[in-house]
Amino acid sequence: MSTIGALHATEILDSRGRPTVKVSCTLAGGAHAAVSVPSGASTGRAEARELRDGDPARYGGLGCRKAVANVETTIATALRGRAFAEQPALDRALLELDGTADKSRLGANAMLGVSLAFARAQACERGLPLYRHFADLIGTQPLHLPRLTVNLFSGGKHAGGQVAIQDVLLVPGAATIDDGLAALYAVYQAAAALSAERYHARALTADEGGLAPPFEDAQAMLATAVDAIARAGLRPGVEMSLALDVASSHFYRESRYELDGNALSAGEMIARIEDWVRRFPIVSVEDGLAEDDWEHWPELHGALHGRALTLGDDLLCTNPARIRRAVAENCADALLLKVNQIGTLSEAADAYALARAAGWRVTVSARSGETEDDWLADLAVGWSADQIKVGSITHSERLAKYNRLLEIERETRLPTVAWPSVVT
Ligand code: 2PG
Ligand code: MG
């Protein structure tokens with residue numbers, strides 16, 4: 001049993017300079033821990049609601065003082081002195097207190113802060129590294145380290161929309177995180193040089209640290225990524241593969257995909273993605289179709305099956321009900337798991353369990369608005385994720401997670417998951 005002693009919250013700023021919430025939890029036994037909550041830009045409509053102040057005079061309405069106050073008053077008053085045997089009991093209490101379907105009363109940002117801070121405080125109380133505690137929460141052991149998927153080029157909502165596709169990511173085939181990062185560095189440098197030569201673009205970066213030259217179209221983005229891999233002296237598709245976050249909900253209008261100056265039907269969009277997968281070493285396609293285009297996801301999945309993962313982000317929103325539907329309708333074979341999309345750790349664990357029961361892969365993902373906190377690395381290891389998606393290898397809020405993975409690798413000597421290929 002862990003008894004809540006005190007809960008405090010602070011409004012802090014995320015990597016985009018927007019307010020977010022940091023929550024600290026002290027247990028009666030003295031264990032103390034704090035956690036910072038991330039926030040997205042390219043959000044799914046079914047995500048749990050962050051509570052924002054809405055005062056246009058302050059941070060354009062994005063202030064989090066109300067969420068902070070909810071932690072320190074409503075939540076702290078209700079939970080102080082209460083003992084919880086484990087995480088689901090604490091999360092249930094939060095859900096009851098909120099009482100809404102989308103967490104809009106207390107705010108998903110306030111609730112997730114408390115949920116995660118309690119988990120970290122419990123890990124402290126138990127004297128366990130956070131990844132071990134996370135593993136215990138789902139009744140498992142960490143089996144492997146996740147494969148890195150790292151933003152190289154960005155567009156869409158992360159880079160002012162200069163090209164519709166949101167992210168082209170690199171997936172190293174190296175056998176360790178350590179070697180993978182060194183290979184990623186080489187490709188990133190090569191890509192920066194190519195961006196300068198071909199697009200006269202300085203190495204200015206998008207929200208998550210990806211490069212954002214003014215590509216003429218999505219194909220140029222993919223071709224330049226492959227050229228960068230080759231220029232770094234690596235074999236495309238062997239030592240370094242690609243992943244895509246198409247984030248197509250954000251260019252879907254009136255049943256059409258507005259891509260590269262065309263208005264594509266769902267069938268044409270699927271054919272376009274298939275063509276990319278045939279011509280470029282792409283091992284995973286996230287949000288190839290829009291979040292509400294349920295009807296066509298099975299066709300996309302069928303087209304990619306056996307060649308690349310069909311990964312759902314906006315489609316699923318880490319929401320158990322949406323995952324159940326996607327499994328039943330055979331829409332995807334991989335879950336993008338973002339804890340703040342659903343708002344408590346236990347519900348994210350339910351989402352995870354559903355995906356695993358269906359035989360799906362799981363990618364644990366950061367948000368475009370991140371903080372210097374590194375709990376996500378522990379979550380990816382504790383839950384034996386297949387992939388971790390944190391952004392690029394620039395910007396300290398991203399590196400905090402990679403650096404934590406390096407530490408965990410040194411400490412555990414766990415192997416990196418053998419996907420998509422392992423080069424030794
Ligand atoms: C995504 C995420 C992370 P955001 O779409 O997968 O890249 O973006 O946090 O803006 O939703
Ligand atoms: Mg996404």
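The structure is a predicted model, in which local features need pLDDT of at least 70 and side-chain atom pairs count only at pLDDT 80 or more, while totals for chains, interfaces and linings use all residues. Residues are numbered from 1 along each chain as its sequence is written, chains are lettered from A and ligands numbered from 1 in the order in which they are written, and side-chain values use heavy atoms, with hydrogens and water left out.

Glu286 belongs to strand E11 (residues 282-286), whereas Asp313 sits in the loop between strand E12 (309-312) and helix H9 (320-328), so the pair ties together parts that are 27 residues apart in sequence. Helices (H or I, at least four residues) and strands (E, at least two) are DSSP runs, numbered from the N terminus. Both Glu286 and Asp313 are buried, where buried means under 20% relative accessible area, exposed over 50% and partly exposed in between (1.4 Å probe, protein chains only).

An open sheet of 4 strands, with antiparallel pairing, has the order E3-E2-E1-E4, two strands being paired if DSSP finds at least two bridges between them. At its edges are strand E3 (32-36) and strand E4 (83-84), each of which pairs on one side only. Strand E2 (residues 19-27) runs antiparallel to E3 and is joined to E3 by 5 bridges, and Ser24 stands opposite Ala34 in E3.

Helix H13 (residues 396-412) contains 17 residues and reaches 24 Å from its first C-alpha to its last, close to the 24 Å expected at 1.5 Å a residue, the expected span being 1.5 Å times one less than the number of residues. Among its buried residues are Ala400, Tyr402, Leu405 and Ile408. The cover over the buried residues of H13 includes helix H4 (130-137), strand E5 (147-154) and H5. After H13 comes Arg413, whose phi is positive, near 60 degrees.

Val362 lies in strand E14 (residues 361-365) and is buried, with a relative accessible area of 0%. Not counting residues up to four places away in sequence, Val362 touches residues including Leu335, Leu337 and Tyr352, contact meaning heavy atoms within 4.5 Å.
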